[in-house]
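Subject: Structure handover

Hello,

Here is the structure you asked to take over. Please open it first, then read the notes below.

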2 protein chains.
Amino acid sequence: MAGQHQERADAARNRHAVLRAAERLVAEHGSDHVSLDRVAAAAGVGKGTVFRRFGSRTGLMRALLEERSLALREAVAGGRPPLGPGAPARERLTAFLDGLGEIAEGNAALLTAHEQACADDKYTEPSYLFWHRHIASLVAEERADLDADFLAHALLALFDGELVRRTTRPDDPRRFTRSIQETATALLTAPPVSRPPAR
Amino acid sequence: MAGQHQERADAARNRHAVLRAAERLVAEHGSDHVSLDRVAAAAGVGKGTVFRRFGSRTGLMRALLEERSLALREAVAGGRPPLGPGAPARERLTAFLDGLGEIAEGNAALLTAHEQACADDKYTEPSYLFWHRHIASLVAEERADLDADFLAHALLALFDGELVRRTTRPDDPRRFTRSIQETATALLTAPPVSRPPAR
DNA sequence: GGAATTAGCGGACCGACAGTCCGTTTATCT
DNA sequence: AGATAAACGGACTGTCGGTCCGCTAATTCC
């Protein structure tokens, strides 16, 4: 049987046009001020098409962000060290935070747009779950005495569009990532904590 | 000169009714699903009255949250140690995080509602600025080698309604606050960092 | 107490937006 | 070319935040 349907040519063209229009509008105007009507108009397609392709505003933002982070995701899952498996946990974490920081620094507006669209259930987004599992497992490997799960949330909470914008300086474009790295280092090098037998 | 106008009796009554209705609705239904029409209806007043009193949805949520945190704010600013001035920075921070954690644990839904309403400019909210300045000054006092400003943002980023909800357990209602304290402790007890001459 | 003043009230109204629906178009396959 | 169904597009709907203005009633003044 013919396997999965090949996406029709016009559908693929429209998907691409919508993504490009959306990223342009989000970058130009703030994360809000970008209604899906506008996106559709800028892409030269009807509104229905946007929804058919992406399901919802949230879906569109998610698609944009995953487009940006696909490479990192693959490198982390199966690429070569230090991002991929094989390197010591500490180095993998540093490499990973560097990659994620770079994405954040280049897409602060998009990050904010995504946060607003996801609203309450950002913790159940596939991307979030993936990043969280990755960080938590590295932290656990490095420091069994810490609450890896909570610390992973803590680190991810720092990837906030507005915080990125407020931390980044024109003369120091990687300042945000550096701050993240320092925070992570501090957390992982702190003196041992004796936790009561958890739960 | 008669000083500032005394709030008219009916105005005070309505302000109170709106606040009570809003807190009830937010607690019952999720942070969304609470339109200002609903709040007005539940309070038995017209929609215009809600806006006259609170200016906007954001204003209403802010008022609710500040009502909850007024006592902590005053204790921090001018109360007795360890919350107020006088105690060592480390102890003041612990006491403060305990207080803020308790508020967060008891008002997770409200926290989420406020986050959504503030959207992008949560970093310019008066409350946020106050908490941030307080934390940053305590961190700076304790550890001159760290980026107190960024760490203060990092700690405040953890006070996320959904994260509170996901961390709290019925059998362990203060688990969230404990995790916060452990994180703060780790950050403040980490080995010294030699930072390049900042900027 | 009664009239004058004015803060406050309330709900109709507006513009914007996310998401739906369905008649029409068009890519693809044979 | 003709058949088929995927894809399109934009009119339409329901909801919501916020505004406006004619009316109500608390307060003040005499």
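Among contacts in chain A between residues at least 6 apart in sequence, what percentage join residues at least 24 apart? The figure is 63%. Please keep in mind throughout that this is a predicted model.

Chain A as a whole

Chain A contains 10 helices and zero strands. Read from the N terminus, its elements therefore give the order α-α-α-α-α-α-α-α-α-α. Along the principal axes, the C-alpha atoms of chain A fill a box of roughly 60 × 50 × 35 Å. Chain A has 199 residues, and 35% of them count as buried.

How the two chains are related

In general, one copy of a chain is related to another by a rotation about an axis and a shift along that axis. Here, chain A is superposed on chain B by a rotation of 180° with 0.0 Å of shift along the axis, and the RMSD is 0.0 Å. This is the relation of a two-fold axis. In chain A, the C-alpha nearest that axis belongs to A190(A), at 2.0 Å from it. Both copies use the same surface, since 97% of the contact residues of chain A recur in chain B.

Where the chains touch

How many residues does each chain give to the contact? Chain A gives 30 residues and chain B gives 30 residues. On the side of chain A that touches chain B, the elements giving two or more residues are α6 (108-118), α8 (148-157), α9 (161-167) and α10 (175-189) of chain A. The largest share comes from α10(A), with six residues. By class, this side of chain A divides into 13 nonpolar, nine polar and eight charged residues.

Two helix pairs

The pair to look at in chain A is α7 and α8. The axes of helix α7 (residues 126-142) of chain A and α8(A) come within 8 Å and cross at roughly 125°. The crossing in which α7(A) passes α8(A) is right-handed. On the α7(A) side, the contact is made by Y128(A), W131(A), H132(A), I135(A), A136(A), V139(A) and A140(A). They meet A148(A), D149(A), L151(A), A152(A), H153(A), L155(A) and L156(A) in α8(A). The contact of α7(A) with α8(A) has 11 nonpolar, two polar and one charged residues.

In chain B, the pair to look at is α4 and α7. The axes of helix α4 (residues 57-78) of chain B and helix α7 (residues 126-142) of chain B come within 11 Å, crossing at roughly 30°. That angle makes α4(B) roughly parallel to α7(B), because angles under 35 degrees count as roughly parallel. The crossing in which α4(B) passes α7(B) is left-handed. From α4(B), the residues in contact are L65(B), E66(B), S69(B), R73(B) and V76(B), and from α7(B) they are S127(B), F130(B) and H134(B). The residues of this contact of α4(B) with α7(B) are three nonpolar, three polar and two charged.

Backbone details to check

Most residues other than glycine have a negative phi, and most peptide bonds are trans.

- P82(A) is in the loop between α4 (57-78) and α5 (89-106) of chain A.
- P82(B) is in the loop between α4 and α5 (89-106) of chain B.
- H33(A) sits in the loop between α1 (9-28) and α2 (36-43) of chain A.
- H33(B) lies in the loop between α1 (9-28) and α2 (36-43) of chain B.

Is H33(A) buried or exposed? H33(A) counts as exposed because it has 11 C-beta neighbours inside 10 Å, and the cut-off for exposed is 12 or fewer. H33(B) is exposed as well, with 11 other C-beta atoms within 10 Å.

Regards

Conventions. Residues are numbered from 1 along each chain as its sequence is written. Chains are lettered from A and ligands numbered from 1 in the order in which they are written. This is a predicted model: local features need pLDDT of at least 70, side-chain atom pairs count only at pLDDT 80 or more; totals for chains, interfaces and linings use all residues. Axes are lines fitted to C-alpha atoms, for helices over the stretch in contact, and angles run from 0 to 180 degrees between N-to-C directions. Helices (H or I, at least four residues) and strands (E, at least two) are DSSP runs, numbered from the N terminus. Angles under 35 degrees count as roughly parallel, over 145 as roughly antiparallel, 65 to 115 as roughly perpendicular and the rest as oblique. A crossing is left-handed if the near helix is turned anticlockwise from the far one by less than a right angle, and right-handed if clockwise. Two residues are in contact if their C-beta atoms, placed from the backbone, lie within 7 Å. Ala, Val, Leu, Ile, Met, Phe, Trp, Tyr, Cys and Pro count as nonpolar, Asp, Glu, Lys and Arg as charged, and the others, Gly among them, as polar. Copies are superposed by least squares on the C-alpha atoms of residues with pLDDT of at least 70 in both. A residue is buried if 20 or more other C-beta atoms lie within 10 Å of its own, exposed if 12 or fewer, and partly exposed in between; C-beta atoms are placed from the backbone.
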